[in-house]
Amino acid sequence: MKLIYQHLLSFLLIIVTTVSIIGYAEIKSVTAQSYEQNYRRMDDYASSLGELVANDQKNGTIMLNSEFLDQLQFVLRGDDLHLHIFNSQGMQIYPKSRRLLRLKGNVFAALSHGEEIHIRNNNEEKSYLCHTKNSYTGVIVPWMRGHKIVGAIWLGSLVKDVERPIDTAKRNLINALIIALFVGLIMSAILSYYSTNKINRLSRAIKKVRSGNFDVQIKQKGNDEIDQLAASFNKMVRALKEYNQEVKSQEKRRDQFMADAAHEMRTPLTTINGILEGLQYDAIPEESKPKSIDLMRRETKRLIRLVNENLDYEKIRNNQINLSKTQFNASKVLEDVIIQLKQNADKANDQLKIEVPSELPIYADRDRLTQIVVNLVQNAIQFTTNGHILLSGRRITHGTKITVKDDGIGMNKEQMKYIFERFFKADPSRARLGTGESGLGLAIVSSLVKQHGGKVSVTSEMGQGAQFTITIYDQGYEQYLTK
């Protein structure tokens, strides 16, 4: 069943249930009130006749005479009232009947104790009256002299007369129910449409997202639960859009990395294969063989470096390496890096400078710190030509800060956003130029620094160079630990 029909049915059930409960209570109240008023009226008549009987007895009259009772019955019929009178033995003495009519034993016993008896319906209750064509309701009131019963009177009226207000209340209830159903049907249709329309809009938006449209946004006009769900949906779609863009970006960088890796592997493998074929067929002169073998060695090292970088990154990313952290002087490590990479800097006509104190305490893994600094300086060399590269270090509160600054090509904000991610290359063309950028160096730096409990940051502008800063904290003050 559709939701709009469920809402309609729910609203109508609520209306019917509410009207029924109220109507049932009202009918019960009207019924009780009608019968109570009738009993009270009968009691008043019976009490008045009882006083007449008592006065007559004082004057020596045994009972009201038949002529008076006939006149009284005539008057009471104007009110649709009927009376029966019984003597002290429970025998009916008025109106006269061919049959011997008397009160039942239990009824007469109750009357003898001065109790009044209310009869709701003579055809439904066991009373002295037999079943009649028309149902009667009324009271039987005893006439007492002291503690002794001297007679009794039954006053009654037709049940249909007493229940006339009840029938009117029932008709009013049915009319009210019909009107309530009609009005409720219209109102529930409006409310159901209002609610289900929001859900339908949400459903249509979900279908669009499922088909790949992440620009869907649902308009919100209220603050109910469905609007809150729509707000959450909008946030989810924005997050999915960002995630989808990120996945596409990652896939693009991965594809680029695979192409670069294939290119880098193919070049040295082609060189090695060519030299091997030349050696096999003695196509290489004897005096050129040492240079050819040296070239093979360099190309082999290049392949080993590319493979090792990938393996190393996977180990670092998956926390499969154990850091051997100790307290040592970082100045010596930084100076050794400058010496190690000076030849590479000279090839790019770059000037390497270092500014560190003679003592620069640091708590880190010495080999991994060397790897971090080498990658940062090598990255600066790759993106700087005829420029300057400054390696500096200083102490901060509970830690050591190392900075690599260059005046190379720099980066824009979009490049800085992904610079520490795997496969990302700020300038992919450099790979084709043979500079050896694999897109893993800075990703390795970021992972190693985080495993040290430190942090890494970058600032840069296009054409203004870049500055990378790593912070390694002292023992017991580590932060940003990877899990």
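Ile190 has its place in helix 5 (residues 164–210); helices here are DSSP runs of H or I with at least four residues, strands are E runs of at least two, and both are numbered from the N terminus. This is a predicted model, in which local features need pLDDT of at least 70 and side-chain atom pairs count only at pLDDT 80 or more, while totals for chains, interfaces and linings use all residues. Residues are numbered from 1 along each chain as its sequence is written, and side-chain values use heavy atoms, without hydrogens or water.

With 55% relative accessibility, Ile190 counts as exposed (over 50%; buried is under 20%, partly exposed in between, with a 1.4 Å probe and protein chains only).

## Tyr35 and its neighbours

Let's turn to the rings. The whole structure holds three aromatic pairs (ring centres within 6.5 Å; planes under 30 degrees apart are stacked, over 60 edge-to-face, the rest tilted). Tyr35 and Tyr39 are a tilted pair, because their planes stand at 45°, with the centres 6.2 Å apart. Both belong to helix 1 (residues 3–58), four residues apart, or about one turn of the helix. Tyr35 is buried at 2% relative accessible area, and Tyr39 is buried at 9%.

## Phe420 and Phe468

Phe420 and Phe468 make an edge-to-face pair, 6.0 Å centre to centre with 90° between the planes. Phe420 lies in the loop between helix 10 (413–418) and helix 11 (429–432) and Phe468 in strand 12 (residues 466–473), so the pair ties together parts 48 residues apart in sequence. Both Phe420 and Phe468 are buried.
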